[in-house]
Amino acid sequence: MNKLLCAILILALSACATVKKIESGDNLVGERLSVTLDGAWNRLDFPSIKPAQIWTMEGVTIDEFLIYSGIHDGQVMHPEGPIGGKQRNFAFHSAMQTEEIVSMFEGVLCRDNSTFKLLKLEPYQFGGKKGFRFEYERIRKVDNVQLRGVGFGAVDRGELFAMIYDAPRLTFFPRYQSKVEAIARTAVIKAS
Amino acid sequence: MNRRQLLSAAGACCAQALARQVHAQAAGTDYAAPHRFGRPDVATDEGGLWSMMDREERSLRRSPLVLRDEKLVSYVQDICCRLGSEHCPDIRAYVVRTPLFNANMAPNGMMQVWTGLLLRVENEAQLAAVLGHEIGHYLQRHSVERLRDAKSKSALAQVLGAFGAVGALGQLAVAASAFAYGREHEREADRIGAYLMHQAGYDVAESAKVWSNLLQEVKAREGGDPAQTASLFATHPAPPERQADLEQIAKSLPGGSTGDDAFAERTRRFLDDWLQDEVKRGQYAESLVLLTRHIDHGKARELMTYYRGEVHRLRGEAGDQALALADYQAAAASLDPPAAAFRGIGLISRQQGQRSEAVEALTHYLDLAPDAPDAAFIKTYLAELTS
Ligand SMILES: [Zn+2]
């Protein structure tokens, strides 16, 4: 039954998604966020995920690396499609405080009836700006898998820049966490 | 169930049940439950349905979303047993952590109760009303009847795959159209549920309140699709007249207890978790109706008030900050204040430029909850405020 749902999910995603390799080295995400990769990632590009990009190492039904670059005031997070479903939309606002941004991500990540538990929220210099870092655990409702996640973010000139990574907590999260932390450390939010 | 089945089932009943039935008949509601079901031959359609549900149950048992708390699970199981009497050994209750109003019972005896239901009902009798209704479907084997209804066969096949995953990936609509019981089945399950409640000593009048409460919540959502709040609506069409019917039935089955205290005692220590899940749904208008209802009834008032403050703060519409602050302050002034109420006061005071209030409240929050997940972050706010 869970396998069946996974299969449906994969079909739904692959129907509209193309996979593109993101090469090692410097990469610009959106207009103002640059990151440096040590090793390649796979990027899934399907319309419904805008304004985020989804990257993955193992496939999106396993691990998910969401990258938000230059989300502007009033912009809705994941408005349509398999991730959004028919649930409530969450929008970013420039005036949001850090705790409100984290709550917004909580809402987005719970929208499929997954659970979310914040484990840590701390200050973090992201992309050269005063930002935040958070850790969480989540039970993905669709397949009952327990995930661990980490997120980073900062607001610059009214726009949100953030990355969130989550993966099954026992195997894949420990395998890729240091890679993700390293990418976050290379992030630069450019002036233009 | 037709009249003949009903009579033959009644004929097979023990004397005590017959005596009860005479009484119930006088009250205008008669029902005699069938005896326990044997396992159907696996080669039959019903047997196939059971096997599928068995598989589903095996995976449910491993799910991290299933609550393992023995006291809570046995409490729910006991209510099922009181209602199901002879069928008690065949009913296996699971409490599933999902913040929607839902319960369902599969033909193999697997009963799923979602935490969103436990958060919404006000007492044991209201929970029993929903469980009794589900047991009613089970006793009448409505899902098997649905399976045999040629018109719904392909739809049901679809749903057998989705059963138990209702809510995932926006599958609600699919499940709703395919697994919805017909009006007749609903009416019958309501009637049987009420009868079982009465037999078990519950106040049947509580059953109508379940639906009126839920409808209030659903109406609060703009352009609301009830199925999104309550999967139960997706699988159980719930027109307002059901509420009226139940009120009518309740009049003929008077008496019984509501079980307010037992329910409050058994669920109290889970409320914080369930409320966190509720708030994260982001359905603020619905949550406000739910929380205000509980506050008005005096249920866990300080906690409900704190969470209503959270909902206002997160919604952030005009006037919400003041409402949030008022709720946080009320919660903070209570006898057993949640630490996070001081966090709320501090966050809002900070945003309003009330430095000293913010510092005082955030400091108090960290005193009460030094290991809070956001402690390191709150300290940066404190540093800014005192610099
Ligand atoms: Zn029903």
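Reply: Happy to! Let's begin with a term: buried area is the accessible area, found with a 1.4 Å probe, that two parts lose on being put together, summed over both. Please keep in mind that this is a predicted model.

Now to chain B. Its domain assignment gives domain 1, residues 23-252, and domain 2, residues 270-386. Where they touch, domain 1 of chain B supplies 19 residues and domain 2 of chain B supplies 17 residues. Between them, about 1,700 Å² is buried, and carbon and sulfur atoms give 58% of that area. On the domain 1 side, the residues that lose the most area to domain 2 are L119(B), E122(B) and E217(B), and together they account for 35% of what that side buries.

Charged side chains take part as well: three salt bridges are found across this interface.

Next, turn to a pair of helices in chain B. The axes of α6(B), residues 124-139, and α11(B), residues 205-220, come within 8 Å and cross at roughly 85°. Because of that angle, α6(B) is roughly perpendicular to α11(B). From α6(B), the contact uses A125(B), Q126(B), A129(B) and V130(B), while α11(B) brings E206(B), S207(B), K209(B), V210(B) and N213(B). Sorted by type, these contact residues are four nonpolar, three polar and two charged.

R36(B) sits in the loop between α2 and α3 of chain B, and D90(B) in the loop between α4 and β1 of chain B, so the pair links distant parts of the chain, 54 residues apart.

Definitions and conventions: Residues numbered from 1 in each chain as written. Chains lettered and ligands numbered in written order. Predicted model: local features only at pLDDT ≥ 70, side-chain atom pairs only at ≥ 80, totals over all residues. Heavy atoms only, no water. Axes fitted to C-alpha atoms, helices over the stretch in contact; angles between N-to-C directions. Helix = DSSP H or I, 4+ residues; strand = E, 2+ residues; numbered from the N terminus. Parallel < 35°, antiparallel > 145°, perpendicular 65-115°, else oblique. Contact = heavy atoms within 4.5 Å. Nonpolar A, V, L, I, M, F, W, Y, C, P; charged D, E, K, R; others polar. Domains from an automatic or database assignment. Salt bridge = Lys/Arg side-chain N within 4 Å of Asp/Glu carboxyl O.
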